[in-house]
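Subject: The structure I promised you

Hi,

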Amino acid sequence: MSKQTLRIGTRSSQLALWQANWVKNCLEERYPGLEVTLTKIKTQGDKILDVPLAMVGGKGLFVKEIEEAMLRGEVDIAVHSMKDVPTIFPEGLDLRCITEREDPRDIVVLRSGLSSWRDIPQGGRIGTSSLRRKSQLLHLRPDLEMLDIRGNVETRIRKLTDDKLDAVVLAAAGMKRLGFADQVGEYLEPEVSLPAIGQGALGLETRIDDERTNEMIDFFHHPETAYAVTAERALLRHLEGGCQVPIAAYGTVSGDTVNLTGLVASVDGARFLKKTRSAPVAEAAQLGISLAEDLLGMGAGEILNEVYQHETFNSDREDV
């Protein structure tokens with residue numbers, strides 16, 4: 001091969017580095033002699049530690065600086081959690097590959113003595129900064145108290161004890177990738193907590209005109225996951241939402257059909273709109289738009305407008 005080096009741009013968080021190193025190892029195994037290097041880039045979202053992310057603009061907070069480095073030619077590939085990837089790309093860049101999805105479910109880590117989140121006593125305390133998770137759990141258990149927590153997986157798990165919580169809610173994908181699967185107290189099925197858009201999948205972003213890199217990484221692309229995530233992202237884009245609002249969508253593929261469930265809820269879970277549609281895989285994007293229109297017709301616009309006017313909502317970060 002004429003190109004002996006590929007440069008991956010990544011955030012320096014524990015999970016981001018795991019993801020970038022996984023891509024690096026796959027590339028070097030497939031192309032003996034290829035050197036893959038990691039370039040750590042600090043994004044705006046990494047610098048904001050004490051302010052709700054949505055107050056400074058939720059979309060692109062964890063990808064913008066990496067994209068700028070790619071446009072300057074400093075890196076060749078950006079590896080993102082699909083939950084972080086905006087639905088619109090800068091000119092010259094595009095999402096080339098969506099990887100096979102890891103477990104998309106949410107999980108709870110429970111305090112000692114509990115075997116299920118449903119066993120949490122009246123008025124119990126759950127740690128999560130995700131409005132998506134809060135709204136769905138409050139819909140089922142309005143008595144619970146939800147506390148905002150931020151940080152990496154270890155930090156959030158530690159808050160279970162430090163903050164005297166009954167449970168913390170995280171993503172299965174991050175727990176498994178970082179080796180914390182043995183601390184999972186319970187997996188939350190989509191009927192309980194519908195996942196975030198793209199949860200569990202990785203996205204590889206590149207320059208559109210970098211044909212060699214694009215050809216080299218095409219083996220990462222997983223069509224079944226891509227169809228499902230395409231439908232989810234189309235719904236998100238049509239609702240003009242980001243990861244800081246109580247929107248959820250989860251697509252699955254069965255044969256040549258995509259099944260998509262979408263949800264919009266008020267922060268307290270009192271108003272709860274949920275619907276499922278299906279379509280051929282070739283119409284995945286239109287499926288997401290159609291389902292978004294259904295939700296808007298059910299009153300989703302009013303719910304989302306109220307959330308956008310609220311000043312204290314936070315984000316569902318890091319696939320955790």
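This is a predicted model: local features need pLDDT of at least 70, side-chain atom pairs count only at pLDDT 80 or more; totals for chains, interfaces and linings use all residues.

Where does methionine 82 sit? You'll find methionine 82 in the loop that runs between strand S3 (77-81) and strand S4 (93-98). Leaving out neighbours within four places in sequence, the contacts of methionine 82 include Leu95, Ile98, Ile197, Gly198, Val229 and Arg233.

How far can you trust the model? The mean pLDDT of the protein is 90, with 88% of residues at 70 or more. Two stretches need care. Residues 47-57 stay under 50, and the model has 23 contacts for them beyond four places in sequence. Residues 311-315 are also below 50, with 18 contacts beyond near neighbours in sequence.

Three strands make up an open sheet in the order S11-S12-S13, with antiparallel pairing. Strand S11 (247-254) and strand S13 (272-280) are the edges, each pairing on one side only. From one strand to the next, the twist averages 15 degrees. S11 and strand S12 (residues 257-265) are joined by eight bridges, and tyrosine 250 has threonine 261 in S12 as its bridge partner. Helix H8 (residues 223-238) packs on this sheet and touches S11 and S12; its direction makes about 150 degrees with that of S11.

Helix H3 (residues 64-71) is worth a look too: its buried residues are Glu65, Ile66, Glu67, Ala69 and Met70. After H3 comes glycine 73, with a positive phi near 80 degrees.

A positive phi also turns up at lysine 164, at about 55 degrees, even though this residue is not a glycine. Most residues other than glycine have a negative phi. Lysine 164 is in the loop between helix H5 (153-162) and strand S8 (167-171). Is lysine 164 buried or exposed? At 67% relative accessibility, lysine 164 counts as exposed.

Finally, the salt bridges. The count comes to 22. In one of them, arginine 7 meets aspartate 76, at 3.0 Å from N to O. Arginine 7 belongs to strand S1 (residues 5-10) and aspartate 76 to the loop between H3 and S3, so this pair links parts of the chain 69 residues apart. Arginine 7 is partly exposed at 26% relative accessible area, whereas aspartate 76 is buried at 3%. Both belong to a network of salt bridges that also takes in Arg207 and Asp210.

Lysine 176 and aspartate 103 form another salt bridge, again with 3.0 Å from N to O. Lysine 176 lies in helix H6 (residues 172-177) and aspartate 103 in the loop between S4 and strand S5 (106-110), so the pair ties together parts 73 residues apart in sequence. Here lysine 176 is partly exposed at 33%, and aspartate 103 is buried at 10%.

Glutamate 74 and arginine 72 pair up as well, with their closest N and O atoms 2.9 Å apart. Glutamate 74 is partly exposed at 40%, while arginine 72 is exposed at 53%.

Cheers

Notes. Residues are numbered from 1 along each chain as its sequence is written. Side-chain values use heavy atoms; hydrogens and water are left out. pLDDT is the predictor's confidence in each residue, from 0 to 100. Contact means heavy atoms within 4.5 Å. Helices (H or I, at least four residues) and strands (E, at least two) are DSSP runs, numbered from the N terminus. Buried means under 20% relative accessible area, exposed over 50%, partly exposed in between (1.4 Å probe, protein chains only). Two strands pair if DSSP finds at least two bridges between them. Axes are lines fitted to C-alpha atoms, for helices over the stretch in contact, and angles run from 0 to 180 degrees between N-to-C directions. A salt bridge is a side-chain nitrogen of Lys or Arg within 4 Å of a carboxyl oxygen of Asp or Glu.
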